[in-house]
Amino acid sequence: MTDELTLIGKPLPKVDALGKVTGETKYADDLAMPRMLHAKILGCHYPHARIKHIGTARAQALPGVVAIITGADLPVKYGNLPVSQDETGLAGDKGRFVGDPIAAVAAVDEETAERAIDLIDVEYEELPAFMSVEDVLTKEGEPIQDYGDQGNVHKMVALEFGDTESGFAAADYVREDTFFYQGNTHLPMEEHAVVAHYTADGKLTLWSSTQCPHYVHRALSKALAIAPSRVRIIATPVGGGFGGKSDPLPHEVAAAKLSMITGRPVKIALTREEVFYAHRGRHPVLMWAKTGVRKDGSITAMHFKTFLDGGAYGSYGVASTYYTGALQPVTYKVPTYKFEGMRAFTNKPACGPKRGHGTPQPRFGMEIQLDKIAEAIGISPVDIRRKFVVDENSYTVNHLRITSCALGECIDKVAAASGFNDKHRKLPFGKGVGLACSSYLSGAGLPIYWNNMPHTSVQIKIDRGGGVAVLCGSTDIGQGSNSVLAYTVAEVLGVSLDAIQLTVSDTDLTPIDLGSYSSRVTFMMGNAAIEAASKLKKLIMEAAAEKLQLPVEALAAKNNSIYCIDDERRSLTFAQAAQLAEAKHGGLGAMGSYTPPKLAGPFRGSGVGPSPAYSYSACVAQVDVDPETGEIKVEKIWIAHDCGRAINPLLVIGQTEGSVYMGLGEALMEEQDFRRNQHKIPSLLDYKSLTMMDMPEVETILVEPIDPEGPFGAKEAGQGPLLPVPPAVANAVYDAVGVRIDELPITADKVLKALALKAEGKEPRVGPKGVPSFVFPEPVRVEPHPQAPKLRGA
Amino acid sequence: MKQLIKLRVNGEDYEAYVPVHKTLLEVLREDLNLTGTKHGCELGECGACTVLVDGEPTLSCLTLPIEIQGREILTVEGLAHNGTPHPLQTAFAELSAAQCGYCTPGMLISAKALLDHDPHPARDDIRQALSGNLCRCTGYSKIIEAVELAAERR
Amino acid sequence: MLSERGAEAMIVAGGTDLFPNMKRRQFEPKSLVSLRAIAELQRVTGDADSGLTIGAGVTLAQVSRPPVIAQSYPALARAAGDVSTSQLRNTGTIGGNLCLDTRCNYYNQTYHWRKSIGFCMKKDGDICLVAPGGSRCWAASSSDTAPVMIALGASVRLIGPRGERVIPVDELYRDDGKDHLTKAADEILTEILIPPANGLRSVYLKLRRRGSFDFPILGVAVALRLAGDGACAYAKVVLGAVGSRPVVVPQAESILIGNRITPESVESVAQAAARLAKPMDNTDSVLSYRKKMAHVFTARALKEAAGLP
């Protein structure tokens, strides 16, 4: 089937590109309806406070105010993970961070709603605030949540695979380092918006800028106690997500409730400041890493401890915690491995999944530590990685199944393209290169709520004119999932793209897809689309074969035509064949689904990490550091990415460049920063993100091994290429001026501080001094997978 | 205080009876239903709301309509001519310079002003001219390439 | 109109500083008086030999482009061209940039944010959150062009109900973040008068995190005139964004004038500049770093202006 592809692998424009360049595409805030009300949310004024009373009388009296709700109107808890049902939309008992939504007003216009918000009188009782992991471990006071592993410790994890003690004993060199990865946020250009409409027939419809309409559907149904059949979620085109729009969010619940009360459409469009509070972004993670290697650089043991500053709610945090430990063994051979992780509740906006979800932080530590080890034992940064890349079709020590892996080729190509070996330790003072690698999931192998159903389904209907209607719950957040869906179906059926009509992300109309997260959509939706299209193709080819009096095997479908491979004149148009098939079989429709293979290992916590396939990336950064100012100019990034087959290389390169951009932002400047118990810089001006002036040239090299289970052999591209960028920059800064910045972001003042330490003959390093002396539970000891790398001589 | 405002947008005359403090961005989107112009901050910190006023890129979120009555305003809806996309629009579509597409209208408008002033800009000039428009998806590379492609084709 | 409505009215030129402040309710005027329609304010007249007069309503884009400014007053072209973004410079005016409200990241925040942290004396409150023990407001002068104008020896014309006056730009400011302009609320800044260039060499260097959008977290303006024998005849070094007003470094004059400029004299002035810089913890980056950079940037700007390597 993949021999002569006509669409797959071609640099085609996206199917929805013209709508986006003409301004036709309607995002959530572009929608307006007759009688529509505008609502505003009141955020809590304290980091942690009991809400004793909310007085709404003054606000109610303002002309134009139609309805006001508080936490009392939303008593039911919901949450994305079954183990973290801790949100209500509007906080009822207490506010848990400055900006935590506590009330909402619907009014005839936005200005009136905003004025009414100021007239709400809240009586608070202040509670002690916990602003860091350290606060959580040292400070007394009422815990932020009423659940969790102990006090404000939300989650603790301890796992050991194989005997790390023997592993370290077998090492010739062992080192321990600490690292800190600052929290940062998605900062989508589109501020979240929603329109909710509860109609007279008791049906609630939501148009929302969400990455996961299915999860919003589940949460709203629960929070508002409405039968799922009476709730419809339509994800509008998402103006940037990066993980930030994958939780059901308070404004969605509030708008829905206000519409139910008023019977009118209600819009909530978040302000930029509120987007910072909606957050669910990158967890700040403090890490301790210990790695043992033999003289040749092969790893004998690895031990990671991670401390996640989670914010006030659970969100995806339990999964995030596991993710800080799951993927370390997926790149290089690790025969023994221990992971301990904890997540703390703090009085800040909730952290959650951001591009790379929990894995960029440990990757940062691990790849810097490898760089330090390579230097210490006198081998090159290339060799310490290249020689010990995991094998294809193998398992990791923590039971993750690896199928295709072209990391070795990625390293070779990126090193060659960048001239790494000729530059490393050889450039003049101030200039340097750094290498780092990574891997990422092509979709989480397990659903976030336990079930045996497919993770996605695609439905196809064919009309008598040859039009192909494709329906899927998948959500295009700019990554191009709509295009992938269209290319896939068109390729299988042999029709042109203009025959395809897409209906996506509408819980009433489209089969369920879990959402745009964990880089799952191309892999899973693609496979489901192939299955659905193949079913219909079979019916159409049978009908065509009958008409042409040829065996099915003699026919091919391409360019809207079904024809005899040996004599193309014997043919039918696709529409003719479809009509024959409809006459023969009845209405033409089919469903395809995808369920990942059962991949979880035999231990508690094994649900996070498995994926049907892993992508791989290798990155070289070249920097120019001004030793007088500490300013870092990233001159160029080379990145090689193993994405399996590129369904559309243009889109894959776009995802790679976008990942590099976001990784550079995290490396150099982005910080979700707090001061005096509240967000320090909730604005696009003060939260720094790279402008066009700051973005270096990026050279992307696609490495395309055909994955055995991916659609047409494809894997992921949207998240993995972010991961190696921050450590590559850190390693390059070290190569340039000989200082180690073991925390993000790597700012000019830190570089200068480290250079000053160097001049004083002290350790030229800026980074965390250590980690808290936290006692993790006894680790769950798991036998390594039998096909995992073995500790030699053990 | 409401006032009758007369605006010339994309070559057409519009009238709207709006509060005097309402910004051009709000009037375009809410009163003239020209929702192609986007907002990312409403404080002049992102460039998403860029429109042309007499050919110059202008932040519609910091502009009061009352001050620009009678001047030529161009929004993304006015870029195509009789349904034929502007070369910049075609190039952005072809090269996937629009990912989520939200910054795209502002980018196109800034790029249009650049090409009108300088039909064959150097790469650094493109960076300068578009550096007031933030994008979070693309890493900017494809946007720069699309402007170059459109310039080549003009 | 301004004098009639008193404190309830504010002047708007480009609006690029005023409107964001109004949206965040830092400014709450009942009426705005727009200067945009006044043609006299939109002109640049004169030349490098006789001096330039720039109308206050001339946009920053228009200041950054003309060859006369780029060649004879390059620091001004650079400073105007470094303000925020090209879109903003198309609307923002030179007069507005000189009158730019002082900035502080405890102050340039929304009403809800400021209420949560506790209002500061610059708006709605009575303490300074940057230095709560003290009695003054430490918001930072964040104009790119003000230090340059002072370095160039420029003056401004102010017109108000009590008449007209011309004062040096240096005297337009006072060291008070809450009330940083000596201009009365009912006075209008109409034009900026820049003396003849007469061989002046000027440089502006700006410290900021990104290549656009950002306000300076340090600005260094240098203007030098060297006599035929190479001796320094005029020297001004002015720092921006490290105080509530532009900070003039008097040592530039005392050390440099009358002598040839050497790496050693540059170093002395740079040290003096760093001592005078009083960055506070209310902008982007770290204050100790900004202080260090006052040294580095002053030295670099002086060397560039003097033609030293």
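Trainee: Which residues in α14(A) meet α15(A)?

Mentor: Keep in mind that this is a predicted model. From α14(A), A:Ser481, A:Val484, A:Leu485, A:Thr488, A:Val489, A:Val492 and A:Leu493 take part. Their counterparts in α15(A) include A:Met525, A:Ala529, A:Ile530 and A:Lys537.

Trainee: And by class, how many are nonpolar, polar and charged?

Mentor: The contact of α14(A) with α15(A) has 11 nonpolar, five polar and one charged residues.

Trainee: What angle do α14 and α15 of chain A pack at?

Mentor: About 30°, and their axes are 9 Å apart. Angles under 35 degrees count as roughly parallel, so α14(A) and α15(A) are roughly parallel to each other. Their crossing is right-handed.

Trainee: On to the sheet. What's the strand order in chain A?

Mentor: β3-β5-β1-β12-β9-β10-β11, seven strands in an open sheet with mixed pairing. β3 and β11 of chain A are at the edges with a single partner strand each, so one side of each has no neighbour in the sheet. From one strand to the next, the twist averages 20°.

Trainee: In what sense do β1 and β12 of chain A pair?

Mentor: Parallel, over two bridges. A:Leu37 is opposite A:Val266 in β12(A).

Trainee: Which strands does helix α3 of chain A touch?

Mentor: α3 packs on the sheet against β1, β3, β5 and β12 of chain A, and its direction makes about 25° with that of β1(A). Helix α6 of chain A also packs on the sheet, touching β10 and β11 of chain A. The direction of α6 makes about 150° with that of β11(A).

Conventions:
Residues numbered from 1 in each chain as written. Chains lettered and ligands numbered in written order. Predicted model: local features only at pLDDT ≥ 70, side-chain atom pairs only at ≥ 80, totals over all residues. Heavy atoms only, no water. Axes fitted to C-alpha atoms, helices over the stretch in contact; angles between N-to-C directions. Helix = DSSP H or I, 4+ residues; strand = E, 2+ residues; numbered from the N terminus. Parallel < 35°, antiparallel > 145°, perpendicular 65-115°, else oblique. Left-handed = near helix turned anticlockwise from the far one by under 90°. Contact = heavy atoms within 4.5 Å. Nonpolar A, V, L, I, M, F, W, Y, C, P; charged D, E, K, R; others polar. Pairing = 2+ DSSP bridges.
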